[in-house]
Structure formats: structure tokens, C-alpha cells
Amino acid sequence: MKKYDYYRPSAATLGRKKKIRKKFSLSFLKPFFFFLVFAVLCLAAYVGASKAYAAFSASRLGSWKPSAASVSGVEGVLAKELQAAAKQRIDTVFSAQDAADLRAVLAQKYPQLRRVSVRRGLLSGKLKISAQRRSPVAKFVLPDQSVRYIDQDSTIYVDPNPDPLHPVPFVELEGRIPAQLGEEFVDLVQSALRLKDQLDFAFLRFNVDKDTVRMHLPDGCIINFGPARQLRQKARRAAQIEAVAKKHFTHPHELDFTYFDDGKVFLRQMAH
């Protein structure tokens, strides 16, 4: 007969193993339990601090009073006027709605400004006003002799105190004057300024109703750009033609871009 040897652990050994497993499970759960309690406490502290800060900010902003004022982005007379408007609000309760109302008032009173901003400094106690002055690319006169300016965003606005060191080309507008001109027209003015050696114009005439543009040069020559489309390309082509025409024509002439879409530009000598 074969003999089989079996190993049977003693009862003492089994008892020791059970104790080891129990001790191992407890040693694993203890740090996890402490970590969970710590995380809950941190979350509770964060929520409480957030609510406390929100309540403090609400009470603080609700009765916030500026102790000083600052103006940035503009200089000269405009900066002084904005500073004076801000100083009127010092030591008075100034809410978020007051800031929005003041911004609307300043934007309407000073149309020559863009990106007007009114902010409250909670920690500094300072009322901050910032703005940018519009950069005109052309000006024109209305039938009532009032002057309007056109900026790079094609916005028409009034500027009672224009910068005398910044010359602006003159434009004649015909027809009904809108609040905003097309970007094509602004492109024409900017293109003409970049090509001023070739197109040193006296003034531009823009018919708003017919959407056509005519350029009058100092020597009496006229450039009829036709429809106010592709004006940048037309300005470049006009500069090229004028450079040649001045060498061959002694009398005023007219360039007609009416059929520019068909690849044609007509040059007509004017009566003298």
C-alpha cells in the first residue's frame, strides 16, 4: 500500500493566522477612515469659508463707497472731465448698477471714446474709469455745417475737440447719412492714405443712396470708383494708372471704374 503524508496545521497555527489577517484589515481601514474624515472636514471648511466670503462681499459691495478715483487711456481735456465725473461719486454709496449707469452716461456724452469701462476696486477703494479715444480716418460736413468723423470701425461720431496734430482727410457725403458706413468705404480712405504719393486727393465724394464713390484730385482730375465694392483694389489700380497718365496728359482727366468687374477701366480727358 502507498503511504500518503498529509500536513495538518495545528490549531495554534490557525489561530495565529486569523489574528494576523484581522490586524492587517484594521491597519488598512484606519488611515482610510482618517483620510475620509479629514476630506469631509476640509470640504465643510471650504463651503463655510466660501459662503462667509460671499456674504462679506455682498455686504461690502452693497455699501461700497469710493475713497479715490483714477482715469486711464485718455489724456488732456477728456481725462480731466472724466476725473471730475468720477470725483463726484467719492464718499457716496456706489453700487454695481451705479457703475453701469455711469458708463452709459459717459459713452453717450463722449461719442469720441470707445471701450468705456467703469469699475469698482473692492480692496483699493478706488473708482476706476478707462476708455480709448477713437482714431478718425476721415471727416465730413453735414448740411447744417456740423462736422462728423469716421473711425477705423466705420462708426460715425462727433468730436468737439479733435486732435490738431492729427490731420484727417475730408469727405463729402450725399444722400441720407447713416449711423455707420460700410467697411469698404473705410478701406478706400485707408488705401488712399497709404498711396498718398500717387493719390494725393483733395476730397472724396460718397453718395450714400447710390453707394458710389468719386475721388477729386488737386489738379482737377476725377477718379470715379463706381459702386463701393473692391475699393482697395481699385485704389491700387488707380495709383498705377495715374503714375502713367501724368506723363502723357497735361489736362485733367477722369478714370471710370464702373466696369471694373469686367476688367475694364476707362480714361477720359476732360474739357479744358
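Predicted model: local features only at pLDDT ≥ 70, side-chain atom pairs only at ≥ 80, totals over all residues.
In which sense do β2 and β3 pair, and over how many bridges? I looked this up to start: strand β2 (residues 113-120) runs antiparallel to β3, with 6 bridges. Strands here are DSSP runs of E, at least two residues, and helices are runs of H or I, at least four, numbered from the N terminus. Two strands pair if DSSP finds at least two bridges between them.

Residues are numbered from 1 along each chain as its sequence is written, and side-chain values use heavy atoms, with hydrogens and water left out.

**Strands**

I stayed with β3. Arg-119 sits opposite Lys-128 in β3. β2 and β3 make a hairpin with 5 residues between them, and Gly-125 in the turn has a positive phi of about 70 degrees. I then checked β1 (residues 68-72): it pairs with β3 (residues 126-133) in the parallel sense, over 5 bridges. There, Ala-68 faces Lys-126 of β3.

**Ser-146**

Next I went to the loop between β4 (136-141) and β5 (147-151), where I found Ser-146. Is Ser-146 buried or exposed? I get buried, at 19% relative accessible area; the cut-offs are under 20% for buried, over 50% for exposed, and partly exposed in between (1.4 Å probe, protein chains only). Its side chain makes a polar contact of 3.3 Å with that of Arg-148 (N or O atoms within 3.5 Å, one able to donate a hydrogen and the other to accept it; residues adjacent in sequence count only if both atoms are side-chain atoms). Neighbours within four places in sequence aside, Ser-146 is in contact with Phe-140 and Val-141 (heavy atoms within 4.5 Å).

**Salt bridges**

My search of the whole structure gave 7 salt bridges, meaning a side-chain nitrogen of Lys or Arg within 4 Å of a carboxyl oxygen of Asp or Glu. One of them joins Glu-172 and Arg-205, at 2.6 Å from N to O. This pair links distant parts of the chain, from β7 (residues 170-174) to β8 (residues 203-207), 33 residues apart. Glu-172 is partly exposed at 27%, and Arg-205 is partly exposed at 24%.

I also looked at Asp-256 and Arg-268, whose closest N and O atoms are 3.1 Å apart. Asp-256 lies in strand β11 and Arg-268 in strand β12, 12 residues apart. Asp-256 counts as buried at 7%, whereas Arg-268 is partly exposed at 39%.
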